[in-house]
Amino acid sequence: MRTPKAVGGIVGALFFVELVSGMLQGYYTPLMTDIARNLDIHDADVNWFEAAQLLVSAMLVPVLSKLGDLFGHRRLLVIAAVVTAVATWGVAFAPGFTSYLVFWAAQGIFTVWLPLEVALIHIRSAREADPAATTRRATGIIVAALQAGAILGALSAGLFSSVFDGNLVLVLSVPAVATTAVVVVILRWVPDVHERRSHGSVDLAGAALLSTSLLLVVGGLMLIRVDGLASPWPWLSFLVGLTLLVPFARQERRHADPLIDLAVMRQASMWPVQLTALLFGVSILGAQIPLSTYARTDPDEYGYGLGLSAGGVAPVIGLYVLSLLVGAALFARVSTALTPRRTLIGAAALVGIGYLGLLLLHDSLPEVVVCMATAGLGSGALVAAIPAAAASAAPPGGTAVATGLTNTTKTLGGAFASSIFALALASGVAADSSDTAAPLRGYLTVWAICGGTALVAALCLVFVPRGAFSHPVEPAVVTPEEHV
């Protein structure tokens, strides 16, 4: 694919940035059991890391994207890259659970890289004869790097785990070196383009209310793990968190540039798509860490699991990501033959079948791979389909808002799922137990939730008005945090 001269240099630099972004998505998943053992925590508790990072992504990405419009996209990209590099080094050397949780959450700022990069490409493309086509081509190139990086990350984790003989500090220093190189590449090869800054303001009050609400709800789930269901503190945290949604809704209705446009969300053609994105986030963002820890569990000791090493898990994750990319690539062709609405329903059903299949087929590697490949094909199609469906269902002038909301709701679904999965995998195990492996019933609960929410998503899509997807649907790209 030829890149126009006006954007060729910047795309070359951003290709490397997104390669590292994809690496961050795939690198840690095969290592989660090693991280749990190093921190002396239960397998279930590594899910809190993912929950925290997804919450940071959901809360900060819309705000940082807007700040990029106001104060300069390259400036925000440099800041986000520096914070990511510092957090990634922190992950490598974190001495305990709390510090690891903080650094892992802060690392989630890297999910704003791609929106800022696309904005920079769009500005550089303005001098081309067809700026929109140039932006699409250039964005396709850097997203291809993201996709390749996710697979590369999963495979290289197993390789470096073997090369460094399980020395986790050295293994986790690899992505830290890569993110440091990202800072250098941006400063050296991404020019500070002359851009027209937008006017307006950031809905800081709405962001503060939503962030506090989400933190209280997730905090309540963590308190259940620590204090148990009988304690009043988790329920008080839930109550206060949910109550804050009332002033948040009022703030969004009166703000000229709201964080979440509730008027768009309420439309009959839109809410089923956004609810599907929320439910889809449960499996696409919440299920891969449990898959990794299950695959690492020793069947000789516990009677379940696959007993794989980090190197053995890496190809499984890589194959899952590959099936996801195949599903995304096939979406446009299948939707032309079956209509986008039917394709969406079928894709959600595939995800449900794949995860529910794990309830029976989890005793051997081939069984798990087949189930995950099935779920991956459906997930890939949904990754491509949901933004396009939202765009088709959006009112005139609301396309960007609608597609952005699908990412926000999906991320929130993943954050809550990761928190709930942490509780499910710790069920029946005392918080101070010396046994670090999660029980089989916890994994069965995770797979049942993933499969059930996917089938509910398929049912929701049945209620989408037939005319909602009447516009031509183009394949969408796979964006950050959607791989693993």
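Partly exposed is the term for residues whose relative accessible area lies between the buried range, under 20%, and the exposed range, over 50%. With that in hand, welcome to a tour of this predicted model.

View 1. Of its 484 residues, 57% are buried. The chain exposes about 19,200 Å², and carbon and sulfur atoms supply 67% of that area.

**View 2. Asp43 and Arg37 join in a salt bridge.** Here the N to O distance is 2.8 Å. Arg37 is partly exposed because its relative accessible area is 38%, while Asp43, at 1%, counts as buried.

**View 3. Lys66 pairs with Asp257 in a salt bridge, at 2.9 Å from N to O.** The two come from distant parts of the chain, 191 residues apart: Lys66 belongs to helix H3 (residues 47–71), and Asp257 to the loop between helices H11 (245–254) and H12. Lys66 has 16% relative accessibility, so it counts as buried; Asp257, at 33%, is partly exposed.

**View 4. Arg296 and Asp34 form a salt bridge, their closest N and O atoms 2.8 Å apart.** This pair also links distant parts of the chain, with Arg296 in helix H14 (residues 288–296) and Asp34 in helix H2 (residues 32–39), 262 residues apart. Arg296 is buried at 17% relative accessible area, whereas Asp34 is partly exposed at 22%.

**View 5. Arg250, Arg253, Arg254 and Arg266 make up a positive surface patch.** Look for Arg266 in the loop between helix H12 (262–265) and helix H13 (271–286). Its relative accessibility is 57%, so Arg266 counts as exposed.

Terms used
Residues are numbered from 1 along each chain as its sequence is written. This is a predicted model: local features need pLDDT of at least 70, side-chain atom pairs count only at pLDDT 80 or more; totals for chains, interfaces and linings use all residues. Side-chain values use heavy atoms; hydrogens and water are left out. Buried means under 20% relative accessible area, exposed over 50%, partly exposed in between (1.4 Å probe, protein chains only). Accessible areas come from the Shrake-Rupley method with a 1.4 Å probe; for residues, only the protein chains shown count as cover. Patches are made of residues with over 30% relative accessible area and no salt bridge: like charges are joined within 9 Å, nonpolar side chains (Val, Leu, Ile, Met, Phe, Trp, Tyr) within 5 Å. A salt bridge is a side-chain nitrogen of Lys or Arg within 4 Å of a carboxyl oxygen of Asp or Glu. Lys and Arg count as positive and Asp and Glu as negative; His and the chain ends are not counted. The place of a charge is taken as NZ of Lys, CZ of Arg, CG of Asp or CD of Glu. Helices (H or I, at least four residues) and strands (E, at least two) are DSSP runs, numbered from the N terminus.
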